[in-house]
Amino acid sequence: MSYYQRHIFFCLNQRPNGEACCADRGAQRAFDHCKSRVKAEGLAGPGKVRVNKAGCLDRCAAGPVAVVYPEGVWYTYVDEHDIDEIVERHLKHGEVVERLLVPPHVGR
Ligand code: FES
């Protein structure tokens with residue numbers, strides 16, 4: 001069994017040159033919200049869920065993005081309601097939130 005049941009990584013990359021990046025699209029706020037929701041739901045910790053910062057995940061055109069492992073499911077989000085849905089449905093119950101999926105071929 002793996003140490004964490006699920007891991008969610010948020011790209012928090014900030015580009016200094018004005019190019020599109022997740023940090024300019026609310027990533028830090030979403031990360032902070034996800035962390036507090038996971039904690040409040042009692043999902044944080046070994047055998048449960050870990051919320052992590054990441055640098056550029058190279059799917060910037062779909063940004064802001066986050067990815068959930070071990071499923072390898074990529075999400076984009078607009079606001080805290082989207083994060084709440086990912087926490088409740090995917091991180092808690094293992095259901096994929098179809099409406100927030102990054103289209104398969106969107107990259108950088
Ligand atoms: S800046 Fe977020 S995926 Fe590249």
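Student: Which residues of H1 meet which residues in H2?

Tutor: Ala-30, His-33, Cys-34, Arg-37 and Val-38 in H1 meet Glu-80, Ile-83, Asp-84, Val-87 and Leu-91 in H2, where two residues are in contact if their C-beta atoms, placed from the backbone, lie within 7 Å. By class, this contact of H1 with H2 has six nonpolar, one polar and three charged residues (Ala, Val, Leu, Ile, Met, Phe, Trp, Tyr, Cys and Pro count as nonpolar, Asp, Glu, Lys and Arg as charged, and the others, Gly among them, as polar). Please keep in mind that this is a predicted model, in which local features need pLDDT of at least 70 and side-chain atom pairs count only at pLDDT 80 or more, while totals for chains, interfaces and linings use all residues. Residues are numbered from 1 along each chain as its sequence is written.

Student: At what angle do H1 and H2 pack?

Tutor: Axes are lines fitted to C-alpha atoms, for helices over the stretch in contact, and angles run from 0 to 180 degrees between N-to-C directions. Here H1 (residues 27–40) and H2 (residues 80–92) pack at about 40 degrees, with their axes 10 Å apart. H1 is therefore oblique to H2 (under 35 degrees counts as roughly parallel, over 145 as roughly antiparallel, 65 to 115 as roughly perpendicular and the rest as oblique). H1 passes H2 in a right-handed crossing, meaning that the near helix is turned clockwise from the far one by less than a right angle, with anticlockwise being left-handed.

Student: Which pattern does the chain follow along the sequence?

Tutor: The chain has two helices and four strands (DSSP runs, H or I of at least four residues for helices and E of at least two for strands, numbered from the N terminus), and the pattern reads β-α-β-β-β-α.

Student: Why does Glu-95 count as exposed?

Tutor: A residue is buried if 20 or more other C-beta atoms, placed from the backbone, lie within 10 Å of its own, exposed if 12 or fewer, and partly exposed in between. Glu-95, in the segment after H2, counts as exposed because it has 12 C-beta neighbours inside 10 Å; not counting residues up to four places away in sequence, Glu-95 touches Arg-89 and His-90.

Student: And where does Lys-48 lie?

Tutor: Lys-48 lies in the loop between H1 and strand E2 (49–54), and with 16 C-beta neighbours inside 10 Å, Lys-48 counts as partly exposed. Not counting residues up to four places away in sequence, Lys-48 touches Tyr-4, Gln-5 and Leu-43. Across the chain, buried residues make up 27% of the 108 residues.
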